[in-house]
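Here is my note on the model, as numbered points. Please read it with the structure open.

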Amino acid sequence: MNATNKYRLICRDCGHIVESTDAMRCPACGGVLYCEFDLSDRDALSAAIRSATGFWDYLPFFPVRGDKPVTIGEGATPLIAMDRLAKTMGIANAYIKNEAQNPTGTFKDRCMSLAFTKAKEANAAAVVMGSAGNAGAAAAAYAARSGIPCYLFVPAVTPLARIAQSIAYGARLMMVDNGSVTDCIELIDRVRDHYGWMNVTTAYPCNPFQAEAEKAIAYEMAKSMSFSVPDWIVVPVGGGGCLTGIYKGYRDMAALGLTSKMPRMVGVQEDGCCALVKAFEKRAAPMEIRREEQISGIALPIMDAFPLDGAFALQAIYETDGYAVAVTSEELMEAQLLLSSREGIFAEIASSTTVAGLKKLVSGGVIAPQDSVVCVITGSGLKDASVIVDHAKAPLHVPLDPEKLKEIIKATCWSGTEECICV
Ligand SMILES: *Cc1c(COP(=O)(O)O)cnc(C)c1O
Ligand SMILES: [Zn+2]
């Protein structure tokens, strides 16, 4: 099996089947392309999933030749039972898939490993990316690893602390004044041909190849659960690519007979920027998602005014009888602290959407107490520790004096938590 016959590109918008395996957009109508893999060699493909131990062992499901992958040890992240949190929420079985353990701290590393491998195979001279920070950091890291220069367009409102990683990796940064991520991506589209940059932005319309990387999240989760399928998988939605990729991975495994049902996909957004949730609430058709005119919130990595892969994601939600829900900034901060203080997992605010959304859907009766749920923690809380610093109570100051220290501990009460030490 090789890269030229294991998949084909299909146009979402006109149905055209593209002969080339390298096109970024539909040559017939300019529409959005997606990869469709040939799964007819069921035994070999099932065996590949069963025997895989690392991300690149899923090569038969990736649209590249892949003999020389650009890798920094992405993927193979743990699935962790969150018993204490589940108890708090009144459900039996909750897990997290911890994508924060990727090399740059988010699942975007999977996408960039694949995108830069494709870029190398296409002899790209330079790549370009539009990002709110996390995909940019991943692109910058894989640019450094591969030696392909990376131009990075980021909204100027992005805190510099979020960009530090990209600066360290040596990205060629452009902070776009008055622009959202959606604006950055549109700007790239207008200059990319002029410079011959290959677009590695993590959205199907920009690069249909990177989108196949998130299928591996599903393969790994299924293996961790011995191919039993959780009732629900809860995923943050920015552009919608991550949710779509996980859905596609489960669809592959169902087609190969490795699993016996589909998980119900849940997309969560912050209420200040939730175009997909608004469409879901109206049960609108997937292509009817409307761009948000005004956006606000604290979950910067998912502040996409228009979710470029929202149509695919909403389709996946409908097809699996899933759900979409929006949560407030306060609910996000509470969920972040809940996950870190109950389970020792410090998730990025954008990823805390999953725990906040789970809580909301359990109390709303959508998710039943006996259901099993996986929350996908897409990124690390260390990406933006300022959220905690800005909202947490100031920590205690104590003197270098054991007697005075005892008095302070005695006067300080942690009661109300299980960990109270002043009694
Ligand atoms: C990019 C990102 C998302 C959103 O992923 P999409 O594929 O754009 O929906 C969620 N969480 C984190 C931490 C991210 O970096
Ligand atoms: Zn087309």
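1. First, a cut-off. A residue counts as buried when its relative accessible area is under 20%. Keep in mind that this is a predicted model.

2. Take T320 with that cut-off in hand. Its relative accessible area is 8%, so T320 is buried. T320 sits in the loop between α10 (310–319) and β12 (323–327). Leaving out residues up to four places away in sequence, T320 touches Y247, M262, P263, R264 and M265.

3. Next, the nonpolar cores. The largest one has 87 residues. Within this core, M112, F116 and I246 have the most contacts. Helix α4 (residues 134–146) supplies the largest share of the core, seven residues. A second, separate core has 34 residues, among them V325, L339, I349 and C375.

4. Which residues is F116 in contact with, leaving aside neighbours within four places in sequence? The partners are V70, V127, A139, Y142, A143, S146, I148 and V200.

5. Now the ligand site. There are 16 residues around ligand 1. Those that come nearest are K108, G239, G240, C242 and T378.

6. A side-chain N or O atom of N134 is 2.8 Å from an oxygen atom of the ligand. G238 uses a backbone N or O atom, also placed 2.8 Å from a ligand 1 oxygen atom. For G240, a backbone N or O atom lies 2.7 Å from an oxygen atom of ligand 1.

7. How much of ligand 1's accessible area does the protein cover? On its own, ligand 1 has 380 Å² of accessible area, and the protein covers 96% of that.

Methods. Residues are numbered from 1 along each chain as its sequence is written. Chains are lettered from A and ligands numbered from 1 in the order in which they are written. This is a predicted model: local features need pLDDT of at least 70, side-chain atom pairs count only at pLDDT 80 or more; totals for chains, interfaces and linings use all residues. Side-chain values use heavy atoms; hydrogens and water are left out. A nonpolar core is a set of buried Ala, Val, Leu, Ile, Met, Phe, Trp, Tyr and Cys residues joined through side-chain atoms within 4.5 Å. Buried means under 20% relative accessible area, exposed over 50%, partly exposed in between (1.4 Å probe, protein chains only). Helices (H or I, at least four residues) and strands (E, at least two) are DSSP runs, numbered from the N terminus. Contact means heavy atoms within 4.5 Å. A residue is near a molecule or strand if one of its heavy atoms lies within 4 Å of it. A polar contact is a pair of N or O atoms within 3.5 Å; within protein, one must be able to donate a hydrogen and the other to accept it, and residues adjacent in sequence count only if both atoms are side-chain atoms. Accessible areas come from the Shrake-Rupley method with a 1.4 Å probe; for residues, only the protein chains shown count as cover.
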